[in-house]
Each structure stands twice: as structure tokens, then as C-alpha cells.
Amino acid sequence: MTDLIVVKNLTKVYRMGDVEVHALRGVSLTIREGEMVAIMGPSGSGKSTLMNIIGCLDQPSDGAYNLDGVSVADLNDNQLAEIRNQKIGFVFQQYMLLQRTTALRNVELPMLYGGKGGSRHERAMAALAAVGMDERMHHKPNELSGGQQQRVAIARALVNEPRIIMADEPTGALDTRTGEEIMGIFQKLNREQGITVILVTHEHDVAQHAERIISVRDGIIAGDEPVQGRILAGATVAAVATEAEAMDEVAS
Amino acid sequence: MNLIESFRIALQALLSNKLRALLTMLGIIIGVGAVIGMLAMGNGFQGFLNSQFAQLGAGNFYVAPFIDSNRIDVLTSARLMASDAQAIMQPGRAPAVSQVSIEFSGNAQVSAGGERRTYSVRAVNPEWFEVTPQDLGPGRLFTSGENQDRARVAVLGSIVAERMFGDINSAVGQRLDLNGVGFDVIGVLTTPEGTFSIGADPAEAIFIPYHTGVARLYRNQVNDRIDVSIITIKAQSVNEVDEAIRQVTAVLRDQHRLTYQDNDFSIINPEQIAAQLNSVIGAFNSFLGLVAGISLVVGGIGIMNIMLVSVTERTREIGLRRAVGAKQRDILLQFLIEALVLCLIGAAIGTLLGYGFSLVGTFVLVSLFNAEGAEATVNMSNIMLASGIAAIIGIIFGFFPALQASRLNPIEALRTE
């Protein structure tokens with residue numbers, strides 16, 4: 001497997017008034033294509049900063065970041081937006097769906113800013129099918145449960161066929177059972193479609209669904225180990241397996 | 001992101017908060033409505049004036065025994081004679097003139113069957129009815145022969161006929177006295193009341209042959225300098241009015257044996273007056289439009305205000321859009337188009353309001369300014385003007401909020417609660 005994300009000596013310094021905050025103090029790591037990685041750490045550890053930089057929402061103060069062979073540090077704002085659009089799918093703790101807008105329209109959103117051709121409508125429907133939400137595509141967020149909203153958010157992340165899905169506390173607002181279902185979807189996407197999944201979490205149970213846990217503390221990497229006794233969200237994975245094939249068909 | 005998509009998103013955003021959108025648009029609605037209404041009223045007034053001048057007859061101009069009041073010249077006092085009119089009509093002297101009519105008018109005591117009133121009595125030659133055509137009701141006009149013979153015949157305006165004899169049909173054949181001289185009524189005009197005329201309103205005047213009037217009614221008022229109060233001249237065509245005026249001036253100066261002196265008569269060219277009036281009214285209209293336009297600017301400030309609120313409220317949405325690949329330009333365009341759509345919808349509603357104002361304007365023109373038949377008209381170019389200004393205001397006042405939206409840091413925007 002090729003190296004998808006290569007980070008070397010990454011530092012990030014914020015200025016808050018007169019105080020310099022060193023959020024990252026030299027982080028190096030490599031994530032290979034098709035991996036499922038959890039980035040863990042308490043709040044203030046720098047994990048969010050690291051996620052923002054890896055997700056091309058932010059630029060490092062110093063150091064190198066290579067994403068899929070492209071040196072991100074040299075890119076301008078428009079080029080970063082294009083990478084986010086084409087290569088990265090974001091899933092947030094608070095779902096971040098547009099209210100008063102149907103699930104379908106929400107999923108179509110990334111395609112407004114650049115897509116991969118084909119009918120937007122069909123691609124959005126296929127993405128919704130892949131997360132088992134195709135029957136509720138005309139529902140608005142306030143008509144959906146939290147788990148359903150997060151599935152729509154995952155469909156939105158999937159719709160431009162990204163190389164990476166970045167999920168920031170994706171189960172943080174969900175109960176355990178629903179959280180399991182969501183984790184099952186990530187595992188399935190990772191296993192069946194080879195999408196690289198990066199989970200950002202401070203919950204150990206969530207991180208245990210990944211293959212590898214990178215711990216961040218005080219702006220440096222405190223640990224980077226394979227997961228022992230990985231949790232497989234088996235039952236819920238099976239439930240959405242059939243829809244995934246529909247997605248594959250459209251994609252091919 | 002394409003433009004149609006942007007407009008759809010903008011519409012959706014506005015529809016999601018209809019009341020606020022409407023209140024925001026109010027300034028633009030009123031502004032556009034006021035601009036269109038004001039301009040419509042101006043158009044209506046201008047149209048009314050032009051139609052009034054058209055009633056005077058195309059290609060007509062007038063010579064009157066006035067001296068330019070701005071000059072004091074002891075050697076000249078005004079002079080205008082029926083013989084001047086004859087001179088103008090002599091072959092070869094004023095070829096650009098097609099017809100000349102003369103008139104001497106004043107007031108007279110009118111009595112018939114116990115009814116006693118004062119009316120304007122206009123002594124005209126028969127050509128007057130050709131140069132300034134009137135509507136003839138019952139009866140007939142007088143002839144050149146009757147004019148030469150100083151026949152005591154009268155043609156009444158419809159109001160005179162109604163007041164003196166009850167109705168216009170029973171007037172013909174009756175007798176009436178003008179300053180004690182008996183006249184036969186031979187015809188009644190049905191020219192509508194208020195028709196624009198140099199001289200008394202034809203509906204409220206009595207017309208008698210010129211020579212009759214000068215000999216029997218106005219004998220003490222005419223003298224060897226003035227025996228016509230106005231000469232109405234019709235040029236060969238509308239385009240030859242200026243040429244005709246030059247020729248008539250030359251003939252009259254020759255007749256009056258003027259060399260170095262100023263004219264002892266005045267020439268009135270309605271078209272020139274109309275043009276001057278039009279330009280004054282036009283300037284006044286523009287001024288009114290400008291004043292109304294100020295409310296458009298106020299409306300623009302309202303739009304900016306609400307767009308700034310909207311950007312703050314939708315910070316998370318902006319962050320999300322940035323995260324899924326929206327460029328700064330996309331966000332800028334989204335909010336700019338939203339402001340533009342607000343203004344355009346406002347302009348559309350404002351146009352309807354402007355139509356409403358124009359109806360009120362018509363009412364005001366007709367009832368307050370007595371401009372019978374005037375109509376405040378909304379024309380396409382005014383709508384385009386008002387909508388164009390509204391759109392420009394949308395872009396100008398929408399730009400700052402849109403720029404702010406586009407410059408939001410996506411990370412901080414996503415973190416906003």
C-alpha cells in the first residue's frame with residue numbers, strides 16, 4: 001500500500017494576543033492508503049489542529065505535509081478548497097447538515113463546488129443508499145434522528161468519492177448503539193471500498209474500531225500503535241452491506 | 001458553482017425567512033415604487049402638456065400686439081393691423097405661410113330671454129375655424145360673405161348655449177343681444193370644455209364675424225395702430241414654422257416701416273414654449289426621481305444590515321461549505337447573489353407598487369391639477385432604470401457582508417455555535 005499522508009516535523013503556532021501557543025511541536029507520521037486510523041488525545045493536546053492540517057482546513061507553521069504526492073504547504077486557499085472537495089470527506093460530531101434542506105440536497109452540496117461528472121442526483125442517491133438512507137432522501141434534518149442525520153452526513157462525505165474520510169468525534173452526540181452502527185459504516189467503507197478513514201476522538205471505545213491508534217499529547221505524538229482486540233461492528237455492517245453494492249455500481 | 005445554482009440557493013435562503021426578507025426588501029420596494037410612481041406622474045404631466053399644445057394645431061404660431069416687456073422704448077408702441085394679415089397673404093411675401101386668421105376679442109354683456117351674463121366675444125374671420133379646427137354641433141359656421149357684410153350672426157360655445165338657452169339644440173335660430181346689439185345664433189360648437197386655446201375657452205366664448213365685431217362691438221377699442229388682438233398663422237408644414245416666422249417678421253417690419261427699431265409686435269411659437277416647458281418639467285422629474293432614489297439608498301443600507309446579520313447567523317453553514325470545497329469566491333458569490341435577489345424581488349414588488357402610485361398620480365393630475373385626460377404612465381425604460389439602480393445597490397451594499405462571509409476562517413466558522 002502506498003503512503004497517502006506523509007507528515008514531517010509539523011509545527012503550528014497560534015498567536016493569541018501577545019501569547020504564542022504551540023499547538024503542534026514537531027509531528028511526524030505516515031498514513032497509508034486504506035488504513036483506518038484513530039487520532040486520540042485529550043482536549044488541548046493538538047489533535048484538532050493536526051486534524052485541521054491533515055484535512056487541509058489549515059496550513060502548518062512549519063514542516064512538510066504530503067497528501068497523495070502533493071505538497072500541501074505550498075498550496076493556496078483555492079487549491080486547498082479543491083483538495084477538500086475532491087479528496088477528503090468530513091464528518092462532524094454535530095452532523096453539520098443544512099436545516100430546511102432535504103437529505104438529498106445536503107448530500108449534493110459538495111458537488112456544487114466541483115464534482116466528478118455524472119448526474120448529481122443519481123450520485124447523491126447512491127451515496128444515501130450506501131448508508132441506508134435512500135428511503136429518507138426527501139426528509140429534512142429535523143425529521144431525522146441523530147443517527148440518521150449522521151448517516152446523511154457520511155453520505156455527503158462520500159459523494160465525491162474521496163480518498164480520505166475524516167471523522168471528528170462522529171459518535172459524540174449519539175447513544176452507544178447508534179454509535180456502533182455509525183462505526184460499522186466507517187469500517188465497511190474502509191474494508192470494502194478501501195477508503196482511508198481517520199477518526200479523531202478522545203473515547204477509547206471509539207478508537208478501538210480503528211486498526212491503529214495515534215496518541216497526541218502536548219503537541220507531539222505520544223504513541224502510535226496497532227489496535228489490539230479491534231472492535232468490529234459486525235451486525236450493523238451486514239445491514240448496510242447490500243446498499244454499498246449499489247454505490248459501487250454507480251462509481252464504476 | 002454555476003449561477004443558476006447560486007440563485008436557487010439564494011431563493012431558498014430567502015424563502016426560509018419570508019417575513020425578514022420582506023421587511024428587508026421594504027426599503028427597496030418603496031424606493032422603486034416611489035421612483036416609478038414619480039416618473040410616471042412626470043410622464044403623465046408632460047404628456048398632458050404636449051397634448052394641450054397639440055390642440056393648438058400643429059405648425060401654428062401667433063402674432064400679438066405686445067412689445068417685449070423687458071425693453072423700454074419710447075419710440076415704439078405696439079402695432080398690429082388686419083392689413084398686416086393681408087400683407088402676409090400677398091403672393092410671394094411669406095411663402096412658408098399657408099393660412100392666416102385674425103381675431104379681435106373682448107367681453108360683452110350677453111342677454112337673451114331674461115338671462116343676462118358676461119362672456120368673452122371673439123370676433124374672428126372664417127379662416128380661424130380652419131386654422132384652429134373646432135367641433136361643430138348643431139347649425140353652421142359663418143361665411144366670408146357674412147364677414148364682409150358685417151352680418152349679425154353668432155356661433156356659441158356649448159356652455160354659453162346651455163346657460164343661455166337650456167341646451168345646445170334649442171340655441172340655433174334664437175336671438176341674443178351682445179352689448180345691446182341683436183345677433184342670430186346660427187351654430188353651436190361642441191368643442192370640449194378646457195380645450196387649450198390662445199384666448200378664451202371656445203366652450204365658454206361667443207364667436208362673431210371679425211368685421212361685425214370691429215364695426216359694431218369693438219368700435220371704440222380699435223384704433224389706427226391696433227385692430228386685431230391676435231393673428232393666428234399656420235405654416236405650410238411643421239418643419240417650416242421657423243422659416244415662416246422669419247418671413248412674417250420681415251413682412252411685418254416692412255409694413256410697420258421699422259428700420260433700426262425693435263419689433264413692435266410679438267411672435268409666440270407654442271412649440272418653443274412647449275420645448276421650454278418640457279425641459280423644465282423634465283428637470284423637475286429628474287429631481288423628483290433623484291429624491292425618490294434616496295430611499296433606494298436607504299433600502300440598500302437595510303439590505304447590508306440584514307446581510308451582515310445573516311452572515312453571522314450562518315457562520316457554521318459557511319464553515320461547512322468551505323469544508324466541503326467552497327472557495328472564497330463561491331461564498332462571496334452566494335451572499336452577493338442573495339443580496340441581488342433580495343433587491344430584484346424588491347424591485348419587482350416595487351414596480352407593482354409604482355403602478356399603484358401611478359394610478360394615484362393620474363387621480364392627482366386629473367383632480368388636483370385639473371388635467372382632464374392626463375394619465376400617469378409607467379414606461380419600460382423607467383422600470384429598467386429603477387430595477388437597474390436596485391440591482392446596483394444590491395451589489396454595492398451586498399458586497400461588504402459577502403466579502404466578510406468569504407473571509408471567514410473555515411475552522412473558526414465550523415466551531416461557532
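Author: Among contacts in chain B between residues at least 6 apart in sequence, 81% join residues at least 24 apart; two residues are in contact if their C-beta atoms, placed from the backbone, lie within 7 Å. This is a predicted model, in which local features need pLDDT of at least 70, side-chain atom pairs count only at pLDDT 80 or more, and totals for chains, interfaces and linings use all residues. Residues are numbered from 1 along each chain as its sequence is written, while chains are lettered from A and ligands numbered from 1 in the order in which they are written.

Reader: How many helices and strands are there in chain B?

Author: Chain B has 13 helices and ten strands. Helices (H or I, at least four residues) and strands (E, at least two) are DSSP runs, numbered from the N terminus.

Reader: And is chain B spread out or a compact globule?

Author: Chain B is more spread out than a compact globule, because its radius of gyration is 33 Å, well over the 22 Å that the globule rule gives for 417 residues. The radius is taken over C-alpha atoms, and the rule is 2.2 Å times the number of residues to the power 0.38. The C-alpha trace of chain B spans about 105 × 55 × 35 Å along its principal axes.

Reader: What share of chain B counts as buried?

Author: Of its 417 residues, 44% count as buried. A residue is buried if 20 or more other C-beta atoms lie within 10 Å of its own, exposed if 12 or fewer, and partly exposed in between, with C-beta atoms placed from the backbone.

Reader: Turning to the contact between the chains, how many residues does each supply?

Author: Chain B supplies 16 residues and chain A supplies 18 residues. On the side of chain B that touches chain A, helix H10 (315-323), helix H11 (328-367) and helix H13 (410-415) each supply at least two residues. H10(B) gives the most, with five residues. By type, the residues on this side of chain B are seven nonpolar, three polar and six charged. Here Ala, Val, Leu, Ile, Met, Phe, Trp, Tyr, Cys and Pro count as nonpolar, Asp, Glu, Lys and Arg as charged, and the others, Gly among them, as polar.

Reader: Why is H10(B) described as largely enclosed?

Author: Seven of the nine residues of H10(B) are buried, so the helix is largely enclosed by the rest of the structure. Among the buried ones are Glu317(B), Arg321(B) and Arg322(B). The buried residues of H10(B) pack against helix H2 (77-87) and strand S6 (88-91) of chain A, together with H11, helix H12 (380-406) and H13 of chain B. Just after H10(B), Gly325(B) takes a positive phi of about 120°.

Reader: Which non-glycine residues have a positive phi?

Author: Tyr95(A) is one of them, with a phi of about 65°. Tyr95(A) sits in the loop between S6 and helix H3 (103-112) of chain A, and counts as buried because it has 23 C-beta neighbours inside 10 Å. Another is Asn179(B), at about 50°, in the loop between strand S6 (175-178) and strand S7 (181-189) of chain B. Asn179(B) has 14 C-beta neighbours inside 10 Å, so it counts as partly exposed.

Reader: Back to the helices. Where is Met41(B) found?

Author: Met41(B) is in helix H2 (residues 18-55) of chain B. Met41(B) is buried, with 24 other C-beta atoms within 10 Å. Leaving aside neighbours within four places in sequence, Met41(B) is in contact with Ser358(B), Gly361(B), Leu365(B) and Ala376(B). Met41(B) and Thr377(B) are 336 residues apart in sequence, yet 6.8 Å apart in space, C-alpha to C-alpha.

Reader: Which residues of chain B does the "transmembrane region" annotation cover?

Author: The UniProt annotation (unreviewed entry) covers residues 21-42, 287-311, 331-349 and 383-403 of chain B. Such positions are given in the numbering used here, feature names are shortened, and annotations may be inferred rather than shown by experiment. Residues 331-349 of chain B are 100% helix and 0% strand, with end C-alpha atoms 27 Å apart. Residues 383-403 of chain B are also 100% helix and 0% strand, with end C-alpha atoms 29 Å apart.
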